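Please consider the structure shown below together with its sequence. The account that follows leads through its main features.

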Amino acid sequence: QVQLVESGGGLVQAGGSLRLSCAASGRTFSTRGMGWSRQAPGKEREFVADITWSTDRTYYADSVKGRFTISKDNAKNTVYLQMNSLKLEDMAVYYCGARMGVSASRYDYWGQGTQVTVSS
């Protein structure tokens, strides 16, 4: 089992920035990658960004490319999502995921989610 705890969500004005963190514990040695998805009210959960633990290879949804950056700290088993130039449509609950497989965005474990609210 892998436990994930997100933090860093909150209220921000459009155009502002936030940084989300996700700390992993448990069987992290078997984790191949981690990433973020989000779910807005009335919408399905959608992929945001992913990073592969061993190669640092990153993937982004087209909607966040150039604005969001995913990174990691191996020593802390923590993944970050730096979100800049936030838009109203970025408002959602952001979930951290961990995957045991090679396919980015196909996560086996999820955190509890952290709310990101963007105001106009």
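The paragraphs below treat the sheet, the nonpolar core and the aromatic rings.

The model is a predicted one, in which local features need pLDDT of at least 70, side-chain atom pairs count only at pLDDT 80 or more, and totals for chains, interfaces and linings use all residues. Residues are numbered from 1 along each chain as its sequence is written, and side-chain values use heavy atoms, with hydrogens and water left out.

An open sheet is built from four strands in the order 1-3-8-7, with antiparallel pairing. Strands here are DSSP runs of E with at least two residues, numbered from the N terminus, and two of them pair if DSSP finds at least two bridges between them. Strand 1 and strand 7 (68-73) are the edge strands, each pairing on one side only. From one strand to the next the twist averages 20°; the axes are lines fitted to C-alpha atoms, and angles run from 0 to 180 degrees between N-to-C directions. Six bridges join strand 7 to strand 8 (residues 78-83) in the antiparallel sense, and K72 stands opposite V79 in strand 8.

Strand 1 (residues 2-7) contains Q3. This residue counts as partly exposed because its relative accessibility is 38%, given that buried means under 20% relative accessible area, exposed over 50%, and partly exposed in between (1.4 Å probe, protein chains only). Leaving aside residues up to four places away in sequence, Q3 touches A23, A24, S25 and G26, where contact means heavy atoms within 4.5 Å.

The largest nonpolar core has 28 residues, of which M34, W36, L81, M83 and Y94 touch the most other members. Such a core is a set of buried Ala, Val, Leu, Ile, Met, Phe, Trp, Tyr and Cys residues joined through side-chain atoms within 4.5 Å.

The structure holds one aromatic pair. Y107 and W110 form this pair edge-to-face, at 5.3 Å centre to centre and with 80° between the planes. Rings of Phe, Tyr and Trp (its six-membered ring) pair if their centres lie within 6.5 Å; planes under 30 degrees apart count as stacked, over 60 as edge-to-face and the rest as tilted. Y107 counts as buried because its relative accessibility is 9%, whereas W110 is partly exposed, with a relative accessible area of 35%.

R45 lies over the face of W110, at 4.5 Å from the ring centre. The charged end of K72 likewise sits over the ring of W53, 5.4 Å from its centre. The criterion is that NZ of Lys or CZ of Arg is within 6 Å of the ring centre and within 35 degrees of the ring normal.
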